[in-house]
Amino acid sequence: MSEFLPGTIGQRLAELREQRGLTREELAERVGVSTSTLSRLESGQIQKFSDEMLTALAREFDVSTDFLLGLTNIPDRMNYDIGELGLTALAARNLYTGKVNNEVVSRMLEHPRFAVLTTMIAQYFDDTLATGVAVQNQIFASMGELLLGAGQREAAQAAALSKTPPHQVELSKIQNTFMVMLKEMKRAMASELAEKQAATREIVTQMMAELTKGGDRPLTEITPEQMTDAILHTVDTSVLDPDKLTVFRSGVVSLFENLPRAAHEQ
């Protein structure tokens, strides 16, 4: 996700326009405002958008209205209308209620082969390619009849064998593309898991070093306070409010103190 440096509304608007290679005249025509109004916005003479202009600019640049208003430096839109996404109400409801695995759906949508796969499936549904295969089969059949009539029995048989079930090629391509996607997604997830495991090992190593101070001290001698401090040692506490940090530390100490003795000794 890209991020912009802080700037005024006018600077942000000008930067977006220049990134798209648009002149003020072109952008003004697209969003339905005058060139002079757009110029005053970019120069800072106007500090506010009308609701209509704000919506039109956000749609034109595909960014959030918060980004245009300078409330965030991340341009990516987080909220979309169901109609904009092209989803049915049922599809959106299944995503929202967790009836489908959102992580899997996200990985599929982000995969570079997914757009190709959806096109292939759409063509399968509307018989775009099957129609062409059917025509090809008819040509082979006609040629086979002509060859058979000319006494070319082997050639006629070869023509008959060249015919293909209309959907066989499409289904094979769809299946192969989908399996390649799954394998690539699996490899990506394995790589991410390895990174998380490495980070976890590093944190545990830091905790153990803090607890034992490099010695061979038995873990059963470690107090709840020391365990809590070891955990806090692995995070940057300088950005936390001191009072809230104290309350948090007290809560974690209490948690360890109330654990069953056997669990604590482990």
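Buried means under 20% relative accessible area, exposed over 50%, and partly exposed in between (1.4 Å probe, protein chains only). The model is predicted, so local features need pLDDT of at least 70 and side-chain atom pairs count only at pLDDT 80 or more, while totals for chains, interfaces and linings use all residues. Residues are numbered from 1 along each chain as its sequence is written, and side-chain values use heavy atoms, with hydrogens and water left out.

**View 1. Tyr124 and Phe125 form a tilted aromatic pair.** A search of the whole structure finds 1 aromatic pair. In this pair, Tyr124 and Phe125 lie 5.8 Å apart, centre to centre, with 45° between the planes. Rings of Phe, Tyr and Trp (its six-membered ring) pair if their centres lie within 6.5 Å; planes under 30 degrees apart are stacked, over 60 edge-to-face, and the rest tilted. Tyr124 is partly exposed at 24% relative accessibility, whereas Phe125 is exposed at 63%.

**View 2. Leu38 is buried in the model.** Leu38 belongs to helix α3 (residues 35-43); helices (H or I, at least four residues) and strands (E, at least two) are DSSP runs, numbered from the N terminus. The relative accessibility of Leu38 is 1%. Not counting residues up to four places away in sequence, Leu38 touches Leu13, Arg24, Leu27 and Ala28, where contact means heavy atoms within 4.5 Å. The C-alpha atoms of Leu38 and Leu13 are 9.1 Å apart, although 25 residues separate the two along the chain.
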